[in-house]
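Biologist: I would like a close look at one part of this protein's surface. Please take me through that part and then through what surrounds it.

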Amino acid sequence: MKALGAATSGALPGKWRGHIRSAGAGLGGFWAEIPLYHDASGLQTPQQAHNDYLELLASGGIIGVAIFVWFVVLLIGAGRRAAQNHSDFQRAAAFGAILGIVGIAVHSLVEFGLHITVNAMVFMILLSILSSERPDRRPQMQAHRTGAFN
């Protein structure tokens, strides 16, 4: 794969210039690609980038970042809907989920916390709380289902 042109890489600092690929190194492939750009003795090679966002850029490339931006846009839309349309309890739960997601996003700036299983699970739970539907919008039980099968 060829690196992107100078128009994209000109805004990036130092060694990242000219090395951002459109498809990246492959998810989880940072450790395999970093020796090409890491000036060290080779005794200790970094296994992950300094944060989750750099890891996504290196591993997923421009395509991975575009998918991430799409996810963030959908997440903001879900947060806005949850804040406007739910009951008081669901609005409070959605607000708590939003705060938790923002906390994880800030934490991901300084570390690769989503590589830790329990952090990723908490993140998924917060996403499920945020995307839960209103009780009055859930599918109603069909009228013919009565009796022992309720």
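Which residues make the nonpolar surface patch of about 450 Å²?

Modeller: Happy to! The patch is made by Ile63, Ile67, Trp70 and Leu74, and covers about 450 Å². Before going on, note that this is a predicted model, where local features need pLDDT of at least 70 and side-chain atom pairs pLDDT 80 or more, while totals for chains, interfaces and linings use all residues. Residues are numbered from 1 along each chain as its sequence is written, and side-chain values use heavy atoms, leaving out hydrogens and water.

Patch residues have over 30% relative accessible area and no salt bridge; like charges are joined within 9 Å and nonpolar side chains (Val, Leu, Ile, Met, Phe, Trp, Tyr) within 5 Å. Areas come from the Shrake-Rupley method with a 1.4 Å probe, and for residues only the protein chains shown count as cover.

Take Leu74, one of the four patch residues. Leu74 sits in helix 3, residues 52-85 (helices are DSSP runs of H or I, at least four residues; strands are E runs of at least two; both are numbered from the N terminus). Leu74 counts as partly exposed because its relative accessibility is 45%, where buried is under 20%, exposed over 50% and partly exposed in between (1.4 Å probe, protein chains only).

Helix 3 also gives the most to the lining of the largest pocket, with 14 residues. That pocket holds about 890 Å³ of space. Of its 30 lining residues, Tyr53, Phe68, Phe71, Leu114 and Phe123 are the closest to the centre. Helix 3, helix 4 (88-110) and helix 5 (117-130) each give two or more residues to this lining. A pocket here is an open set of points on a 1 Å grid over the protein atoms alone, where a 1.4 Å probe fits, with protein on both sides within 12 Å along at least five of seven lines; lining residues have an atom within 4 Å of a point. Points are joined across faces, edges and corners, and the volume is the space filled by probe spheres set on them.

Arg91 is partly exposed, because its relative accessibility is 34%, whereas Asp88, at 60%, counts as exposed.

Stepping back, the protein has five helices and zero strands, and 22% of its 150 residues are buried. The protein exposes about 10500 Å², with carbon and sulfur atoms supplying 66% of that area.

Terms used. A salt bridge is a side-chain nitrogen of Lys or Arg within 4 Å of a carboxyl oxygen of Asp or Glu.
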